[in-house]
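Student: I've got the structure open and I'd like to talk it through with you. Can we go question by question?

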Amino acid sequence: MLHLSLALRNLRRNLRRSLLTAAAVAVGLSLMLFTVTFQHGSYDMMIRSAISAMAGHVVVQAPGWQQERDEALLVRDADAIQRDLQRALPDAIVIERVFLEGLLTSTQGSVGVSLEGVDPEGEGAVQDLPEQLIAGEWLDEDPRGLLIGAEMAETLQVEVGDKVVYMGQHLGHEVSSQMFRVRGVFKTGAAELDAFIAMAPLSATQELLGVPGAAHQISVHLDDARLSIHTADQVRGLLAGRDLEVLYWREALPELYAFIQLDRSGGDLMLAVIGLIITLGVVNTMLMSVLERTRELGVLLSIGMRRERVGWMIVQEGFALALIGTAGGVLGGLVLSWPVVTWGLDLGGAVGGESMEMGGAVMSSVLKGSWDPTRSAIYVLASVLITTAASFYPAIRAALLHPIDALRHS
Amino acid sequence: MSILSVRALSRTYHQGTQTIRALDGVDFNVDAGEFTALMGPSGSGKTTLLNLIGGLDRPTSGVVEVEGRPLRGLSPGALSDLRLHRIGFVFQSYNLIPVLSAYENTEFVLALQGVPAAERRERAMRTLAAVGLAGMEGRRPSELSGGQQQRVAVARAIAGDPALVLADEPTANLDSHTGAELIELMARLNADQGVTFVFSTHDPKVQEAARRVVRLVDGRIDGDEQRAP
Ligand SMILES: Nc1ncnc2c1ncn2[C@@H]1O[C@H](COP(=O)(O)OP(=O)(O)OP(=O)(O)O)[C@@H](O)[C@H]1O
Ligand SMILES: [Mg+2]
């Protein structure tokens, strides 16, 4: 009823003011959509790198290991489970990991180390680390090959080909030691990785533990993170009756998930504040427009237009403004986000390196945006609703005008 | 039966300690087809009376009945509907919605009344022709002279087929010649179509067209004379 065309004509009366208001909505929404896309992209990257480096989309561990990280909490028949899972999940990559704490010594010094035993081929496929080697090569079947971080290499003053000795006391046995040869040096940009992590083939670490075929973690890596929960259920089914814990990434990386939630809420809060400021601007515009038309609204009330219809007319103007502003915002959001989704944004200058750390995840400094249809749609919808709602107060003011007073208004 | 019946109508305003008796016991009936001028000096209560008749204001005491229905018991919404369907209004000036054309201003009331589009078009065009604005339907108020704008206002007031049209000094902002033309138009609509008008004016020349002149002084009726047309 009382078509939108009347609303549009009323908006055209003060075209400049209406356009400025719509532009404020459009610019605000553009920035919001850009932020949403940018954040979503960074979360994707964080999740991806964290999943590949720290866990997996689904992990199988001994009960309690997730909290305590006690090396005695082993999955004893990890080799067999890995084979079974890989057979059952041919599209996934299933790998085992051993985590040991010990001391690494060179002729020049020694340093505490977290030694990870990994499946050279599988780990190489899921990690970014092979691309982050600054010297040497990735692991192969050579059980004496060792990868260390750049800072550790500096501390130990070793280069590719140099010998180092690992010493550790495991599972209450006597101190065991093992000679390795540095096969490669990586630089992730994250200090705690580059200074304290070393990687060796799984078999070597199983030997150090003295438990053949065992590992601390069997992790499953998927192409599509959205299948994580489903796959976790599948794995639970396959391992039914075994005393093992099966977690999907959110459960295995609670800090990361919490960080993302917090960051997203922080983003929402910031954007809500921007939205509030814009909304106040819209309220102001609509109030001025109502005030300027007091006499005319008085005429409408006098000739028998019901109050609620007068109010509704103003709301329709707010709605038209909302549609125009939101359409502009969607367009602006696409234009702003497109390059970041396609090419990414290099934060190298800002973070001082080729990689950076966020929420405990290390990733490349080239941040790529990615579309977040759900959250974007919520923002677009909110833009229409809130901009329209901004006309409620002016509409109520218009509806409650006293016709005689309004007619006398000059 | 009277279209309008006003009995013992009073309206007082309080301003500080002062009490202003804008209307003080007015009795007054209007029958269908009348063409009545409300005369009286400034401050005599003409606007107050018209506002009470139109249900824009509530009386301090007394009764207003339109077509036998007392306004007192009506809810604001019902009063709105009564104005929409049964009463037409013409004000002094700046009556029209500036963003709507003459045609759209006239059609607006019909749209509010819920008249179907085809009938709306036919009636709005016919009414504009009846007030002498054929060919100017597409013009916005800003593209019309003051006299033409008042004609559109008259067209809007009568398009909805009301029982009664109230006009508060419709000629006040027009020069005397144009004012006289507007009153002539109203008189013709009254004679040809039987539209009942009650209008207020200061202008003695304007009153000459009236067939009945009701005089107000200090909120009281001070004369009510019928005249030959
Ligand atoms: N809202 C109001 N508050 C106080 N007094 C009012 C109010 N409206 C009208 N009055 C007073 O009521 C009296 C009648 O006013 P009204 O406007 O009805 O006169 P009028 O005959 O229409 O005058 P005019 O020819 O100047 O339009 C005047 O004394 C006026 O000052
Ligand atoms: Mg008056």
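Student: How many residue pairs are in polar contact across the interface of chain A and chain B?
Tutor: Keep in mind that this is a predicted model. The pairs here have both residues at pLDDT 80 or more. Counted that way, the residue pairs in polar contact across the interface of chain A and chain B number eight.

Student: Which helix gives the most to the side of chain A that touches chain B?
Tutor: Three helices of chain A each supply at least two residues to that side: H1 (4-13), H12 (294-302) and H17 (403-408). The residues on that side divide into ten nonpolar, four polar and six charged. With six residues, the one that gives the most is H12(A).

Student: How far apart are the closest N and O atoms in the salt bridge of Arg9(A) with Glu104(B)?
Tutor: Two salt bridges are counted between the chains. A pair qualifies if the side-chain nitrogen is within 4 Å of the carboxyl oxygen. Arg9(A) and Glu104(B) form a salt bridge, with their closest N and O atoms at 2.6 Å.

Student: And what area do chain A and chain B bury between them?
Tutor: In terms of contacts, 20 residues of chain A meet 25 residues of chain B. On the chain A side, Arg9(A), Ile303(A) and Arg306(A) lose the most area, together 29% of what that side buries. Carbon and sulfur atoms carry 61% of the total between the two chains, which is about 2,000 Å².

Student: Moving inside chain A, why is H8(A) largely enclosed by the rest of the structure?
Tutor: Helix H8 spans residues 202-209 of chain A. Its buried residues are Leu202(A), Ala204(A), Thr205(A), Gln206(A), Leu208(A) and Leu209(A). They pack against several elements of chain A, including helix H4 (78-88) and strand S7 (175-186). H8(A) is largely enclosed because, of its eight residues, those buried number six.

Student: Which residue follows H8(A), and what is its phi?
Tutor: Leu209(A), one of the buried residues, belongs to H8(A). Next comes Gly210(A), with a positive phi, near 75°.

Student: Over in chain B, which are the edge strands of the open sheet?
Tutor: The four strands run in the order S2-S1-S4-S5, with antiparallel pairing. An edge strand pairs on one side only, and that picks out S2 (18-31) and S5 (69-70) of chain B.

Definitions and conventions: Residues are numbered from 1 along each chain as its sequence is written. Chains are lettered from A and ligands numbered from 1 in the order in which they are written. This is a predicted model: local features need pLDDT of at least 70, side-chain atom pairs count only at pLDDT 80 or more; totals for chains, interfaces and linings use all residues. Side-chain values use heavy atoms; hydrogens and water are left out. Two strands pair if DSSP finds at least two bridges between them. Contact means heavy atoms within 4.5 Å. Buried area is the accessible area (1.4 Å probe) that two parts lose on being put together, summed over both. A polar contact is a pair of N or O atoms within 3.5 Å; within protein, one must be able to donate a hydrogen and the other to accept it, and residues adjacent in sequence count only if both atoms are side-chain atoms. Ala, Val, Leu, Ile, Met, Phe, Trp, Tyr, Cys and Pro count as nonpolar, Asp, Glu, Lys and Arg as charged, and the others, Gly among them, as polar. Buried means under 20% relative accessible area, exposed over 50%, partly exposed in between (1.4 Å probe, protein chains only).
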